[in-house]
Amino acid sequence: MKHVAVVIGLIISVVFLFAQSVIFNTGEWEPYTTTKPGGKGAVNEIVIAACSAGNIELDLRFFPWERCEQNVQKGAAFAAFPYRITEERSAKYYFSDVLITSRGGIFYWEGRGSDIDWLSLKDFGNVRWGGLQGYWYLDELKKLGIKYDSIATTEQAIFMLKSGRIQYFIEDELVCKMVAERILGSEIGKLKMFTKPANMSTLHLIVSRQYPDSRALLDQFNKGLAIIKRNGVYASILKKYGIKY
């Protein structure tokens, strides 16, 4: 009877764990995530579908990106997404399996740059870069001693490029093109992108080490993610948003 009681207790614990709402955080990074009416974003839809397949009750909350990471670090949220794996983050969080791949493009304004064959950001010479706050390449610019202007949004980066205040910046290709279509109008053809990508990065959940039962929840999420990758749901989401990599 003692062994039966233990087994029943474990079953009750598991049922209780996955019956509770699990808090996820994300921010505005269209077309991957968005708070806009009528749209979810590609990664939002992937996470929602993975949670459904993994029997996780999702409580999705939107915050500025810095707040998202703070909430995960202190255990106020189970996870935030989408994030690139870095050495600094690896010391703080667990990571999910791959949600999606991001291709970073180097952007410049027509007549103020050219599509050179580059190996390092040093190959661009003594030019002014725009650095989007929180992005991976800021550390690279600092290491190389390259000056850059700190920029809060992609919209600001595009306008600074147009005005000549900066000469280059790096942003996810789909994100930048979507913002440009919204703000540049007939001038959109003047925004150019290098043929060679700046990076190809996998994006993941960052998962709290303080949130209750986070490792068990992460395993359950990864199982759900694997299910939607096998059954065609994942592929249909990518197709919906025109994502081919």
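A charge sits over a ring if NZ of Lys or CZ of Arg is within 6 Å of the ring centre and within 35 degrees of the ring normal. Lys229 does this over the face of Tyr234, at 5.2 Å from the ring centre, and Arg215 lies over the face of Tyr94 at 4.5 Å. Before going on, keep in mind that this is a predicted model, where local features need pLDDT of at least 70 and side-chain atom pairs count only at pLDDT 80 or more, while totals for chains, interfaces and linings use all residues. Residues are numbered from 1 along each chain as its sequence is written, and side-chain values use heavy atoms, with hydrogens and water left out.

Now for rings meeting rings. Searching the whole structure turns up 16 aromatic pairs (rings of Phe, Tyr and Trp, the last by its six-membered ring, with centres within 6.5 Å; planes under 30 degrees apart are stacked, over 60 edge-to-face, the rest tilted). One of them is Phe24 with Phe78, an edge-to-face pair at 5.3 Å centre to centre with 75° between the planes. Phe24 belongs to strand S1 (residues 21–26) and Phe78 to the loop between helix H3 (65–74) and strand S3 (79–84), so this pair links parts of the chain 54 residues apart (helices, H or I with at least four residues, and strands, E with at least two, are DSSP runs numbered from the N terminus).

Phe24 has another partner: with Phe221 it makes a tilted pair, 6.2 Å centre to centre and 45° between the planes. Because Phe221 is in helix H8 (residues 214–230), that pair ties S1 to a part 197 residues away in sequence.

Phe24, Phe78 and Phe221, along with Ile100 and Leu205, have the most contacts inside the largest nonpolar core, which has 41 residues (a core is a set of buried Ala, Val, Leu, Ile, Met, Phe, Trp, Tyr and Cys residues joined through side-chain atoms within 4.5 Å). Helix H2 (42–53) gives the most to this core, with seven residues. A second, separate core of 30 residues includes Leu121, Ile151, Ile170 and Leu191. In soluble globular proteins, nonpolar side chains tend to be buried together.

How values were computed. Buried < 20%, exposed > 50% of the residue type's maximum accessible area, 1.4 Å probe, protein only.
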